Amino acid sequence: MIITTLLGVSLVSAGLLALVGDRRMAPDLNILASLVSFVISVYLAFDVYSSGTAGTSLVGDYFFIDAFNVYLVVLTTFVSTTTAVFSRNYMKFERGHGKVSGGRMRFYHAMYQLFIFAMLLALLANNVGVLWISMELATLATVLLVSLYRTPSSVEAAWKYFILCGVGIALALFGTILLYFAAEKVVGSGVQGLLWTNLIKINAKLEPRILALAFIFFMVGYGTKVGLVPLHSWLPDAHSEGPTPISAVLSGLLLNIALYALVRCKVLVNLSMGGNWAGRIMMGFGLLSMIVASLSLFRQRDIKRMFAYSSIEHMGIATFAFGLGGAMATFGALLHMLMHSLTKSSIFFTAGYASQLSGTQNMVHIRGLIKANPLVGWGLIFGVMAIAGTPPFGLFASEFLILTASMKQIPALTPLVLFALVVAFAALFRKLQPMVFGDPSPDRREINASVLPIYLHMGLVLALGVFIPVFLQKWFLEAVEILK
Amino acid sequence: MTQNFATQVNNILAAFILLASFGMLAQRRIYGLLVIFAWQGFFLALSAGVVAYTADIKHLYISAALTLVLKVIVLPYILYSLVNRLNIFRDVEPLVNIPTTMLIGIALVIFSYHLTAPVRELSTLFTRTTLAVALSTVLLGFLMMITRKKAVTQVIGFLAMENGLFFAATSATYGMPLVVELGVALDLLIAALIFGIFIFQIRTTFDTLDLREMEKLKEGSET
Amino acid sequence: MTELGPIFSEFVQIALTVLVAPLFVGWIRMLKCWAQGRKAPGVLQPYLNLMKLFSKDILLAENASWVFRVTPYVVFGSILMAGSIIPIVSTDIPLSASADIIALVALFGIARFFLALAGMDVGTSFGGMGSSREMMIASLAEPAILMTSFTVSLFSRSTSISETVRFVEGMDFFLSPSMAFVFFAFVLIMLAETGRVPVDNPTTHLELTMIHEGMILEYSGRHLALIEWAGMMKLFVFSSLGIALFAPWGIASNASGIPLALALAAVKLALIGVGIVLAETGLAKMRIFRVPEFLGTAFILATLGMLSHFMLE
C-alpha cells in the first residue's frame, strides 16, 4: 500500500501538471509532489526494515524491497525534490527569456513527474519484464524533454538519444526473453519465471549458457543506457542539450538506475555460472569508459558536455567496481553511486546558473564567476573539487575504496584506474580555473539563483565523506551481501 | 493441427518474415517499405496465432490480435499519413550500397544462427527453429537503422527490430507473460507517437528529413 | 533391349532439344502477339526462319579470325550437350551419370565465352558493348545459379541432376521454404540467362539496348542460323531444367514411360511459355545498372534458401 501510494503520487501529479503546468503555482506543485514522494520513500524504508520484510516480494509479487534498491529509492526521491527546487528558479528564467513556451512548460512538468514514476517503478519492480518496461518508459519520458528548446542541436541530440537508447533497450529485451526462456524450463510458464525473488531461489537450476548469452544482450542493452564506451555517443549530446534540471536528473538518477538493472542481471548470471565471467566483462567496459571519458574531457568546450563526459567516467568507475566484486569494491561502488548522484546534480545546478549568467554554455565565454555571483562560483569550485575526488569529499572515499580493492584483487589494472582518475582531475581543474577566477565578462545577466539545493548536496557529500551514519552503513553492508 | 504440420507452417511464415526483412533492406521507396512492413506484421500475427492454436495458449491469441491491429493497421497507417503530409516518397542513397548491405545481412543471419545454438539445443518447443530467424530480424532491423539516412526509414528499422523481438518471444517461449506483452505494446505505441512528433520537430527545425544534416554535434563545435 | 533403353531415351532427348526448341519459341512468340493484340505469324515460323537462313550466303568480315568462324558450332554443340544431360523426359540417360549441375553451368559458360569473344572479334563497337554487358551479367548470374543448384542438391545429397530429379519426385509433399526461395531465385536467373525482359529484350532493334543481339550482329547465313537455334535451345533447356528441379512429376524412369513423360513435358512447357509471356508483357526492361541489383536479389534469395534449409529444416 505504501508502495502503491508512492508510485501513485508521481503518476497523479504527472497528470495534474499536464493540465496546470504553466500556472505560477506549477513549480511549487512539482516541488510538493517530489517532497511527498521523498517522505513516503523514507517512511517505506523504515517500515520495511522494522517489519523485516526486506528481500521478500510485496503487494502480491509485484514489488520488492531489499537493501540495494531501498537506498536508491530514497536517493531518487531526494534528488528529484532538490532538482525541483532548482528547476523552479531556473525554468522561470528560461520562460522569461522566451526559450520555452507555455504548452511546453506543462509538458515539461508532467514529463518530469512521469519520469520519476518510471524510475521508481524500475527500482521497485519484482518482475524483470516490468523493469524493462519502466526503463523504456523513463527513456521515452525524457526524449522529448531533451529537444524542449527546439534548436537544431537539441533536436539532433534528442533523436540520437532516442535511436541509440531505443536500439540498446531492444537488445536488453531480447536478453530478458532469453532469461525467461531459461526460467521457464524450471518454473514453468507464467509470471513466476520473471520474478526476481523466484529467480534468486532457483538460480542453481538455470542453464548457464543461456544466462551467459542473455547477459551479453543485457550488457549491450542496459550498458548503452549507463553510457559505457563504446555505446556512449548519445550521452554527451543528450545531457548537454536539454534543460539543466533534466540534465541533472538524467546524469544523477537515470544512469544509476540503468546500472542497477545491469548489476541485478550480473548477480543472476554469476550465481548461475559460478566464477566472475560477467564481472570481468563489466570491468572491461568500465575501464574503457573511464579512460576514454577522462581523456575526452580535455577537448570539451561546452560546460555541460564536459560534465556529461565526467558522468561517463564515474559510471565507468562504478561499473568497474561492481564488476570487480567482493565486499570492499561493492561497498565502494554503492557509495560511489550515492556520492556521484549528489555531486553531479549539484554541479549541473551550478553549471546551469553559470550558463544563464553568461548567456552561453561555451566555457570560453564563462568567466569570473566568483566575482559575478559568489555563491554560484564557490558552489562550482566545491562541486568540481568533489567530482574530481578531492578529500574530504565523499567521492574520494569511494574511489579510495575501489582503488584499494583493485590493488588487492587485480593489481595490474590499478594503474589504469589511477591514470583515468588523475587525468580527469587535471582536466577538470584546468577547465575550472578560467571559469571561476578572473573578471566576469561585461554582458552578463542577473539571475535569481536558488543555491539551497547546491549547498545541501555539497554539505551531504562532505559530511558523508567524513562519516557514514550507522543506518547507511547497515544498508550498504546488506546490499554488499546481496550483490556478492 | 499436428505439431509436425504446425512446425512446417511456422517455418514457412518465419521464412517469409526473413524475406520481408531483406525486402525492406533493398527497398528505396517509402511506400514500398510500409507495405513490406505491414506484411511482416501480418506474418508475425499469423505465426503467433498458429502457436496459440497448436500449444493451446489463450493469452497468445490476445498478443496476436494486438500485433495484428498495431503493426499491420495502426502503425503503417500513422506512418503513411505522416509520409503523405511531409511529401517524402523516396529514400536517399544508403550509407552502404544495397548489394553490400544484403551481403552484410546474410552474414548477420549466419551469426545469429550460431548465437542461438544453445537455446535450440535446450528448447523443447516446436517453434525453436525460428529463434535464429527472430534474432536475424532484430539485427537486420538494426542494420537498416544504421545504414539509412532518412528519419522515416530509421523509424521503420526500429519497428522491424520490435517485430523481431516479438517473434523471439513466441519462438523461445510461448510468448512472455501477458502483463509484459501489454507493457511492451504500450511502450511501442508511445514510442511510435513520439517518433511522429519527432519527425515534425526535425522537419520544422531542419527543413529536411535527411539525417545527414544532423551531424553537426561533434566535439569542439560551438554551441 | 534393356541396354538400348537408356540410349533410346538419350536419343529422344537430343532430338527433342534440337527439334522442339524452335516450336517452343514459336509458341512463346505467338502468345506474346496475342497478349499484345497483334496477329501471330504461326507457331512454325521459327523453323521457316532457320531454313531461310541456312539457304543464305555467309558474309565474313576481312579481319574475322578462326574464333568467329568456329563459335556458331561451339555454341550449338555445347547447348546440345546441355540438353542431353538434363532429364527432360527420362531420368535414365547415360550421360547424366558423368555430368552434374556444375558441368551444366560450365557448358553454358563455354557457349557464352565463345559468343563474347566472337562479339569482340570483328572489332565493331556494338559487338564489344554486347560482350561486356553479357560478361557482367554472367559474372553475377553464375554465383546465383551455383547457389541455387547447391541448395537443391542439399536435398538429394548429390549434384547429379538425375539424382535430384528422382529425389524431388519421390518426396512427400511438404511446405519447404528453402525450395520456395530457390524457385524464385531460379526464375530470376532464367530471365537473366536466357536474355528475356526485364534483363534484355530479345526483339529489340536498337543496338544500344542490345546485349545478346549485339554480340551476333555480324553473323549471317548458316552461322546465324546455328546461333539462333542455339539461343532457342538454351531457352528450352533452361525451362526443362526448371521443370526437372521443381516439378518433375511424371518423368519416366525407363524407356517405356517416355510417351506419358512426353505428353506431360509438353503441357509443362506450354505453361512455362505462358509464364514467360506474362513476365515479358508485365515488366519493363531494366536499366543496365539495375541488373546487378536484380541478380543480387536472385543470389540473396538462393542464399536465403540455403540458410533456411539449415536453420529451419
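How many residues of chain B are in contact with chain C, and how many residues of chain C do they meet?

Modeller: This is a predicted model, where local features need pLDDT of at least 70 and side-chain atom pairs count only at pLDDT 80 or more, while totals for chains, interfaces and linings use all residues. Residues are numbered from 1 along each chain as its sequence is written, and chains are lettered from A and ligands numbered from 1 in the order in which they are written.

Now the count. In chain B, 20 residues are in contact with 15 residues of chain C (contact: C-beta atoms, placed from the backbone, within 7 Å). On the chain B side, helices H1 (3–26), H4 (98–115) and H6 (131–147) each give two or more residues. Helices here are DSSP runs of H or I, at least four residues, numbered from the N terminus. H1(B) supplies the largest share, ten residues. By class, this side holds 17 nonpolar, three polar and no charged residues. Ala, Val, Leu, Ile, Met, Phe, Trp, Tyr, Cys and Pro count as nonpolar; Asp, Glu, Lys and Arg as charged; the others, Gly among them, as polar.

H4(B) and H6(B) also meet each other. Their axes come within 8 Å and cross at roughly 145 degrees. Axes are lines fitted to C-alpha atoms, for helices over the stretch in contact, with angles from 0 to 180 degrees between N-to-C directions. The contact between the two helices has ten nonpolar, five polar and no charged residues.

Next, the other partner. Here 40 residues of chain B are in contact with 42 residues of chain A. H6(B) contributes two or more residues to this side too, as do H5 (117–122), H7 (151–172) and H8 (178–206) of chain B. H8(B) gives the most, with 14 residues. This side of chain B has 28 nonpolar, seven polar and five charged residues.

Finally, the assembly. Two pairs of chains touch, and chains A and B make the most contacts. Chains A and C do not touch; their nearest C-alpha atoms are 19 Å apart.
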